[in-house]
Amino acid sequence: MSAPAVAAATGARLVAAEASSLNATLHWSQALLDAEARRVEASPGGPLHAVPVAIKDNIVTTDAPTTCASRILEGYVSPYDATAVTRLRSAGAMIAAKTNMDEFAMGSSTEHSAFGRVQHPLDPSRVPGGSSGGSAALVAAGVVPAALGSETGGSVRQPASFCGVVGVKPSYGRVSRFGLVAFGSSLDCISVFGRTVDDASKVLAAMSGHDPLDRTTLERPAMVPPAPRRDLSGLRIGLPREYFPADLHPGVAAAMERTKTAARELGAELVDVSLPNSPYAVPTYYIVAPAEAAANLARFDGVRYGPRKVGPGGDIRALYQATRGHGFGPEVQRRILVGTYVLSAGYYDAYYGKAQRMRARIAEDFRRVFAGGVDLLLTPTTPTPAFRAGEKTEDPVSMYLADIFVCAISLAGLPALSLPVGRTEGLPVGAQLIAPLLEDERMLAAAAALERVVAAEAEVR
Amino acid sequence: MRWETVIGLEVHVQLRTRTKMFCGCRTTFGDPPNTNVCPTCLGLPGALPMPNAEAIRLAARGAIALGCSVHPTSVFARKNYFYPDLPKGYQISQFDRPLATAGRVAFESPERGRVEVGITRLHLEEDAGKLVHDRFPGKTAIDLNRAGTPLAEIVSEPDLRSPAEARAYLTTLRQILVYAGVSDCSMEQGSLRVDANISIRRPGDPKLGTKAEVKNLNSFANVERALEAERERQVDRAERGERIAQVTLLYDAGTGQVRELRSKEESHDYRYFPDPDLPPLVLASEWIAEQRAGLPELPEARRARLEVAYGLPAYDARVLTSEIALAEYFESVVSAGVEAKTAANWVMGDVMTTFNESGGFPVEAGRLAGLVTLVRDGVVSHQAAKRVYAELAQHPGEEPKGAAERLGLVQVSDQGALTGWVEQVLAAHPAEVARFRGGETKLMGFFVGQVMKRSQGKADPKGVQRVLQEKFG
């Protein structure tokens, strides 16, 4: 199909998605899609030629607003493009839409968007996961073959699991963060949703590689999409027992059993391992990420850009209070307060300092297991399938625990992905593969082998 | 002395780079507002900092020049506070792991002779922007050209014992940093700023008193004045038995008074933490050694060398090394063949006056040497040479001999002309002639002066004296 035809078809699917109240997009237009098609036609031949890719709305682009689904950035248009966007375009991709998300990527259900919640494509009463719920829903609904999300603590793997698509978080430092609106800078990774492992790999490879504009990118050449393995022979796959608790949702447990069987049949050796500090990952994450977020979100002060509210008294303090009080939603405010608190004089060591020490121990667990001869780890991505909208919004901690199996990997900076491995009561279940640092390709190749044999859309018993 | 004064200084110097600390924007002073800005220094969403290698090099150089240990690993940290001139809502600085620590600076104290001040630390940071209050009536404008400018903050130990000593230390610190090429240290352009901490205690008391911090000090003279005012205020309170509170004060150069900031304005908890956008700054020991080896001769070493190598008095050596440019110029004049003390006198006199006015040396060392030779050979008098110098400063191409001739300042040593002037003077002052003959020989100077005057400075004074002696002989 020619690029203009792809643009027209994508536009038609976006219109249909809007009509179905998915609420997955924040900004898109047929005119922009057509412009992308013309640009791509003028320089054909990239590895992603004419592939429409949706972009989470916390990745800046010059031709559409970037709001992070927040009132505080309503109407904001960036004067520069994110490195990831520039690289996707040079690979021939077409930017299709900016997608809805939890405000500033803070949430696990995409209910915390200032512009309304995103619906699960298979069940409107359920959430698609989050924070990259809009991107996950668009790929799951077949609107685009791939989309960018961002991960700070599982924000791509968790919605990928809920929506039944592939979600890949690369090693920290393999994709430039330049142009990704910062949340927790030491954790943030631009990540990818794809219908297939191969789609996701190609998009990831096109974005990857050192960027002089981001000092935390690794001095490594760009990734090459790995050739899929025929089988898993010779691979030792660890099953960390902390990730298979007794109260795991039975449908998830059953799907994991089926995945383990498939892996064995492909020739993998499965071994029991332990990551004893992983149970502390969620509390650790909820100190580190808010601390960094409190500083990262300080720039949204109404002084230079974004809507400004003038408060009573009319002084600068009142301007800050009114602008930030109106501009940030309750979850963002909660995390800014937590982050400010844990860095305060007198509390720093008890919270932030201790969390950093725990983070180091969590990462050390993974290093030890991988150094002990394990090639990959296999776990469920989430403890349950997609939950109902409103189920966890009144109880932040229960929402945070939706990320219990994904947080530790983010703290350790490792590559991980979620692969759809079955359905329970009609809802997708994802399995998580985790690799050592910079072994993204090993993980993707193994996932492609599993993908061929697991019946991702079949109900498990 | 009933009270001992204890002072420590925090000095911010702008590093001499072409571009900012974390982006490629220019650091030019005085450009139109908000023209040297980009997503990074504006704090736009998604932008990230990229450290400036030259700024790191200059800061390391400065640290070495101040005798500090430069650490192989230091860490950038975020200092969090809200202010409209601070685009990101935090300043990237260094906190618990600074670039360098434990240095010392020796200087001449006006009261205690040679004194060493400990340098606690030198760290890298970025500057904030500037609030402009007088541009739009009733409104405050923000100029972010300066936001992100690279700074080194240099913190001294509380080793200074008087306001005058604080000033002398600053003068030496500035000299060292300018010599090392680290900073221009221009207070007018804001490339050197000082905050001072001052307290008092009983002599011999090992404990420090409660300190006051004085900010907004825009010249070395004002540092001294503000500290004098604050010392007086503290002593006054202490003498009356009142408690001294920890305060932050602003100096008002207009009134010469310090004013207390409202405590609300300073109740900051900066919540420092390592900046996750910047990996730790790791410097190889070979690189640090290279910076050390690349340092030019520093003021103290040069002072000592000028004394020894040229046999100059200590005073001359100190004046000549006060500015690196003066010292360079002096040595060029000497290499052009002028005797050292003569060269020193010229440089400390007319040359320094021109330098202080214009900041430069309009008469190149070679031309000055030519002029000095004319004096030595008796072609022009010393007085006339000063006029020739002024002329040379105005006419860059002109040679000393030509200028002296054009101005009619070439000395006349012709016996006949000198005798003529002498005879005229003796005829005009019969009373003085009589007194001289009566034994008042000190009148010789008077006669020489009169002849010089009559000859409009052109007469060769030595020749004049000879003719006079003949006449009286």
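Visitor: In β15(B), which residue is the bridge partner of B:R78?

Guide: Start with the elements: strands (E, at least two residues) and helices (H or I, at least four) are DSSP runs, numbered from the N terminus. β4(B) and β15(B) run antiparallel and are joined by 2 bridges. Two strands pair if DSSP finds at least two bridges between them. In β15(B), the partner of B:R78 is B:F273.

Visitor: What kind of model is this, and how are residues numbered?

Guide: Residues are numbered from 1 along each chain as its sequence is written, while chains are lettered from A and ligands numbered from 1 in the order written. This is a predicted model: local features need pLDDT of at least 70, side-chain atom pairs count only at pLDDT 80 or more, and totals for chains, interfaces and linings use all residues.

Visitor: Which strands stand at the edges of the open sheet in chain B?

Guide: The sheet has 3 strands in the order β5-β4-β15, with antiparallel pairing. Each edge strand has a single partner, so one side of each is left without a neighbour in the sheet. The edges are β5 (90–94) and β15 (273–274) of chain B.

Visitor: Are α2(B) and α6(B) roughly parallel or roughly perpendicular to each other?

Guide: Helix α2 (residues 53–65) and helix α6 (residues 285–293) of chain B pack at about 65°, with axes 9 Å apart. Axes are lines fitted to C-alpha atoms, for helices over the stretch in contact, and angles run from 0 to 180 degrees between N-to-C directions. Under 35 degrees counts as roughly parallel, over 145 as roughly antiparallel, 65 to 115 as roughly perpendicular and the rest as oblique. α2(B) and α6(B) are therefore roughly perpendicular.

Visitor: Which residues in α6(B) meet α2(B)?

Guide: Contact here means C-beta atoms, placed from the backbone, within 7 Å. From α2(B) come B:R57, B:A60, B:R61 and B:I64. In α6(B) they meet B:I288, B:Q291 and B:R292.

Visitor: Is A:T110 buried or exposed?

Guide: A:T110 sits in the loop between β3 and α4 of chain A, and its phi is near 55°, a positive value in a residue other than glycine. A residue is buried with 20 or more other C-beta atoms within 10 Å of its own, exposed with 12 or fewer, and partly exposed in between; C-beta atoms are placed from the backbone. A:T110 has 34, so A:T110 is buried.

Visitor: What is omega for the peptide bond from A:G130 to A:S131?

Guide: Most peptide bonds are trans. A:S131 lies in the loop between β3 (94–99) and α4 (133–140) of chain A. The bond from A:G130 to A:S131 is cis, with omega near 10°.

How values were computed:
Two residues are in contact if their C-beta atoms, placed from the backbone, lie within 7 Å.
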